[in-house]
Amino acid sequence: LSENQAINAAVLNLAAPHLRSSATAIARRYHGLQSRIRLDDHRMALAAMPSVVKQVSAINANLLTDKVPPSNNAGLIVFTAHFGRLGMIGPAMRHLGIKSAFLSATVDQRATSLSATQRWIGHRNGESLQRFAGGQWIMADDPATRLRSVLRRGEPLIIVIDAFSSRSPER
């Protein structure tokens, strides 16, 4: 075990004694997942739009395209879960010729519960998502008027279920 893995396993032993026999395996899996997430962040930050967009396809795409203006005068909220570690709904919609705004957790200086490294990684990931979705990036602690303006303009808004980690009283 690395030093960080050993520390996490020790903390898990204290916090959840009933998991004591699995603590080392859980710590290893967690660190492996975090490593893969960091590699994905790096890969997406350097990826070219055509190489990403050509890797996705949308089955029953008309479910989205029929709801996007000008066929509808209201915005469209695309509420989805992560499918793997990468958010591919933005590139999938771009493949259909649709630019979309997206809502993420707050990852700037307002996210005081995150470390500077976590904020940097979250911001880098958000910049990649914005580049691939093509629309505005809105964070959970941004004013609600930003969300309303996107929807009033008829733009799709992507919300990934686990995007909310805000502790803001304005949430």
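In this predicted model, a salt bridge brings together the side chains of R110 and D142, with nitrogen and oxygen 2.8 Å apart. This pair ties distant parts of the chain to each other, since R110 lies in the loop between β2 and α6 while D142 lies in the loop between β3 and α7 (144-152), and 32 residues separate them. R110 also forms a salt bridge with D108, where the closest N and O atoms are 2.9 Å apart. Of these residues, D142 counts as buried because its relative accessible area is 15%, and D108 is likewise buried at 16%, whereas R110, at 33% relative accessibility, is partly exposed. Through shared partners, salt bridges connect D108, R110, D142 and R146 into one network.

Within the pairing, F102 stands opposite W137 in β3.

Seen as a whole, the protein chain contains 7 helices and 4 strands, which follow one another from the N terminus in the order α-α-α-α-β-α-β-α-β-α-β. Of its 171 residues, 35% count as buried, and among contacts with a separation of 6 or more, 72% involve residues 24 or more positions apart. The chain exposes about 10500 Å², of which carbon and sulfur atoms supply 56%.

The structure holds 4 salt bridges, and one of them joins E155 to R153, with the closest N and O atoms 2.7 Å apart; R153 counts as partly exposed, at 45% relative accessibility.

Technical notes:
Residues are numbered from 1 along each chain as its sequence is written. This is a predicted model: local features need pLDDT of at least 70, side-chain atom pairs count only at pLDDT 80 or more; totals for chains, interfaces and linings use all residues. Side-chain values use heavy atoms; hydrogens and water are left out. Two strands pair if DSSP finds at least two bridges between them. Helices (H or I, at least four residues) and strands (E, at least two) are DSSP runs, numbered from the N terminus. Buried means under 20% relative accessible area, exposed over 50%, partly exposed in between (1.4 Å probe, protein chains only). Contact means heavy atoms within 4.5 Å. Accessible areas come from the Shrake-Rupley method with a 1.4 Å probe; for residues, only the protein chains shown count as cover.
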